[in-house]
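User: Please examine the model shown below and answer some questions on its fold.

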Amino acid sequence: MRADPGFEELRTSRLRLRRSEPRDAEHISAYRSDPDVHAHQGWDHTDPDHIRTEIEEMLTRVPGEPGGWVQFTVETLDDDLLVGDVGLRVDTEDPDVILVGYTMDPAAQNKGYATEAVGALVTYAFDTLGADLVRAYAEASNVASIRVADKVGMPVVRRFDEREDEQVWHVVRMERPRAPDPR
């Protein structure tokens, strides 16, 4: 895996993915606190102060280095509207694997932004960071998230149950391996 200490931003035809900043916390908190969104994402605390603290901590990390998540804010290019956030981290159990996650503002859903942003993140993981495999996890009931992963070439490869205290989560693992070298 290669680190990318000079990361500036990723661009697609409609989106900019930039490092999340403390000023994004209020907006991210608003959509991550939505009960329908919160049910499917991994942050237990979605208040602005907690999110701001998480972002500040993530800003100390370099994409591609082990040690935790790095978060990117997703904005539209035409009007700088914050439409969601995506993140990545090196898998603690396999340093050649990049884990990705994504959460979109409900007001921006069903416009293809998640697919576009996650596709850019997957390409970045392979081309810049040198990942051998990109992986994402979702609850099996999160059909929209599973569909996004499938659209960027990460089909479901495993279904399993995860237990935490008295709760059981039905989980899917989605993966995309690096394409073979054409040489």
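User: In what order do the elements of the protein run from the N terminus on?
Analyst: This is a predicted model, in which local features need pLDDT of at least 70, side-chain atom pairs count only at pLDDT 80 or more, and totals for chains, interfaces and linings use all residues. Residues are numbered from 1 along each chain as its sequence is written, and side-chain values use heavy atoms, without hydrogens and water. Helices (H or I, at least four residues) and strands (E, at least two) are DSSP runs numbered from the N terminus. There are 5 helices and 8 strands, and from the N terminus on the elements run β-β-α-α-α-β-β-β-α-β-α-β-β.

User: Which residue is the bridge partner of Glu-75 in β4?
Analyst: Strand β3 (residues 70-76) pairs with strand β4 (residues 82-90) in the antiparallel sense over 6 bridges. Within β4, the partner of Glu-75 is Leu-82.

User: What share of the 183 residues of the protein counts as buried?
Analyst: Buried means under 20% relative accessible area (1.4 Å probe, protein chains only). Of the 183 residues, the buried share is 48%.

User: What does the C-alpha trace of the protein span along its principal axes?
Analyst: The spans describe the C-alpha trace of the protein. Along the principal axes they are about 50 × 40 × 30 Å.

Terms used: Pairing = 2+ DSSP bridges. Buried < 20%, exposed > 50% of the residue type's maximum accessible area, 1.4 Å probe, protein only.
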